[in-house]
Amino acid sequence: MSLYGEPVPEEEVVHPENPLNRKYVCLTGFEREVENILNRKLLFLGAGRLDNPKACMHILIPSPSSMQKYGNPPKGKILDALKKGKQIMSVEELKELLIMYDLYEGEI
């Protein structure tokens with residue numbers, strides 16, 4: 001299993017009904033260790049991972065420091081996602097989702 005790219009096969013998804021299943025997600029601004037942990041959890045939920053917001057991206061998840069630094073007014077990956085009409089998920093929303101599916105271990 002790769003940390004980046006295509007979602008895992010449907011039969012390997014932990015909770016197929018989750019809102020990230022079959023969505024391409026881009027994380028930005030997280031420390032490498034946290035990002036690697038989140039990547040694995042996103043894969044368990046059936047999400048594909050992208051390093052940069054591309055046309056096929058569905059959701060951008062910026063770290064709190066990225067939101068503080070690049071969110072008001074929006075610039076960088078946040079502005080790019082907004083221009084493309086992509087969803088921006090907060091860390092709080094991601095945390096709630098991970099808790100809901102029993103995948104949260106205090107990493108964010």
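A residue is called buried when its relative accessible area is under 20%, exposed when that area is over 50%, and partly exposed in between (1.4 Å probe, protein chains only). This is a predicted model, in which local features need pLDDT of at least 70 and side-chain atom pairs count only at pLDDT 80 or more, while totals for chains, interfaces and linings use all residues. Residues are numbered from 1 along each chain as its sequence is written, and side-chain values use heavy atoms, with hydrogens and water left out.

Cys26 is buried, whereas Cys56 is partly exposed. A search of the whole structure, taking a disulfide as a pair of cysteine sulfur atoms within 2.5 Å, finds 0 disulfides. The closest cysteine sulfur to that of Cys26 belongs to Cys56 and lies 10 Å away, which is too far for a bond.

| Residue | Relative accessible area |
|---|---|
| Cys26 | 0% |
| Cys56 | 40% |

Strands (DSSP runs of E, at least two residues, numbered from the N terminus) pair if DSSP finds at least two bridges between them. Here 4 strands form an open sheet in the order 2-1-3-4, with parallel pairing. Strand 2 and strand 4 (87-88) stand at the edges with a single partner strand each, so one side of each has no neighbour in the sheet. Strand 3 (residues 59-62) is joined to strand 4 by 2 bridges, and Ile59 stands opposite Gln87 in strand 4.

Arg49 is found in strand 2 (residues 48-50) and counts as buried at 2% relative accessibility.
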